[in-house]
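Dear colleague,

Please find below the structure that I am handing over to you, together with its sequence. My notes on the salt bridges follow it.

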Amino acid sequence: RAKSAGGNRFEFADAEADARAITRHGLTTALPAALERGEFFIEYQPLVHLDDGSVHGAEALVRWCHPQHGVLGPDRFIPLAENTGLIVPLGRWVLQEAVRQARFWQDGAPGGHRATGPLRINVNLSPTQLQHPGLVAETVDVLERSGLEPGALCLEVTESALIGADDDLLKPLRQLAEMGVDIALDDFGTGYSNLANLRRLPVSVLKLDRSFTQGMQQHPADPVDLKIVEGIVHLAHSLELAVTVEGVETGAQAQQLRELGCDTAQGWYYARPGAPDRIHSLVLADAV
Ligand code: C2E
Ligand code: MG
Ligand code: MG
Ligand code: MG
């Protein structure tokens, strides 16, 4: 009896794994047509200055409005797009769209006020995009056509994508950085990279991974976590890097991170990712 129950469980687990593989396969093959049909859209999550809560910019986060499965988050399809190379045209679309949107915020909506200060836009780059030879030329083209100044764009690259990176991989990032584009090291602290290595990378922003922020949720916060974040902030600032923290969900966390000297923050405490007009109203609210 027990054996047959176990057998059933395995069959069940197999069926589930099969279903997941079928879905993955279905999603993978549907990706190119989805891009053509315009099924992707972008939500924007504000980045705020920790000292006064004013809006610094926004991160573009892509979603897929799938006709059968509903809205899918990037974790469901970015890895598939990476595997098939579709990430290159998809990423190009995200960059184009996000830069156009940032320029629109800066100009002010029709009949609206101008945003105060240069609102910035953060766009994620995956490893395949980094290796794509057209990256620099396409980015220059997108910026020129939109009229957005390069200094208003920040490209986020994960720490793990740059571990062991050789000069060939870093060259396009160096070129972009020389043009004034900011490069952020995303999910920092999860990649076990050599801290001394930071000096070699053309980055100007560290984005501390959400796991650090989570460690600060307990009361009192774990003193070892605090020491680690404090150390990272010191190191970053001594290398003239700005520090952004992700995943801030409570006011207590924000307070703690402010005291530790972090510069900007992003998280549900401030706003969830949302439609582009949301950013516009936040910026206008700052201006009054
Ligand atoms: P990421 O770049 O580290 O983006 C931050 C993720 O944390 C987002 O998840 C965001 O919705 C989520 N988040 C923000 N604040 C909070 C918070 O307070 N609490 C919690 N628990 N989560 C929070 P999302 O939108 O699901 O994106 C996941 C990842 O997908 C991103 O991680 C990024 O690596 C990737 N991604 C998103 N858009 C793109 C894109 O256009 N291109 C590429 N290559 N990757 C993208
Ligand atoms: Mg990011
Ligand atoms: Mg991140
Ligand atoms: Mg993250």
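Please keep in mind that this is a predicted model. I begin with Lys 207 and Glu 156, whose side chains form a salt bridge with an N to O distance of 2.7 Å. This pair connects distant parts of the chain, since Lys 207 belongs to strand E7 (residues 205–208) and Glu 156 to strand E5 (residues 153–158), 51 residues apart. Are these two residues buried or exposed? Lys 207 has a relative accessibility of 0% and counts as buried; Glu 156, at 1%, is buried as well. The two residues also belong to a network of salt bridges that includes Glu 59.

Arg 92 forms a salt bridge with Glu 138, and their closest N and O atoms are 3.1 Å apart. Because Arg 92 lies in helix H3 (residues 87–107) and Glu 138 in helix H5 (residues 135–146), the bridge ties together parts that are 46 residues apart in sequence. Arg 92 is partly exposed, with a relative accessible area of 31%, and Glu 138 is partly exposed at 24%.

A further salt bridge links the side chains of Glu 97 and Arg 100, at 2.8 Å from N to O. These residues are three apart in helix H3, so about one helical turn separates them. Glu 97 is partly exposed at 23% relative accessibility, and Arg 100 is partly exposed at 42%.

The pairs described above are among the 11 salt bridges that the structure holds.

Yours sincerely,
A colleague

Methods
Residues are numbered from 1 along each chain as its sequence is written. Chains are lettered from A and ligands numbered from 1 in the order in which they are written. This is a predicted model: local features need pLDDT of at least 70, side-chain atom pairs count only at pLDDT 80 or more; totals for chains, interfaces and linings use all residues. Side-chain values use heavy atoms; hydrogens and water are left out. A salt bridge is a side-chain nitrogen of Lys or Arg within 4 Å of a carboxyl oxygen of Asp or Glu. Helices (H or I, at least four residues) and strands (E, at least two) are DSSP runs, numbered from the N terminus. Buried means under 20% relative accessible area, exposed over 50%, partly exposed in between (1.4 Å probe, protein chains only).
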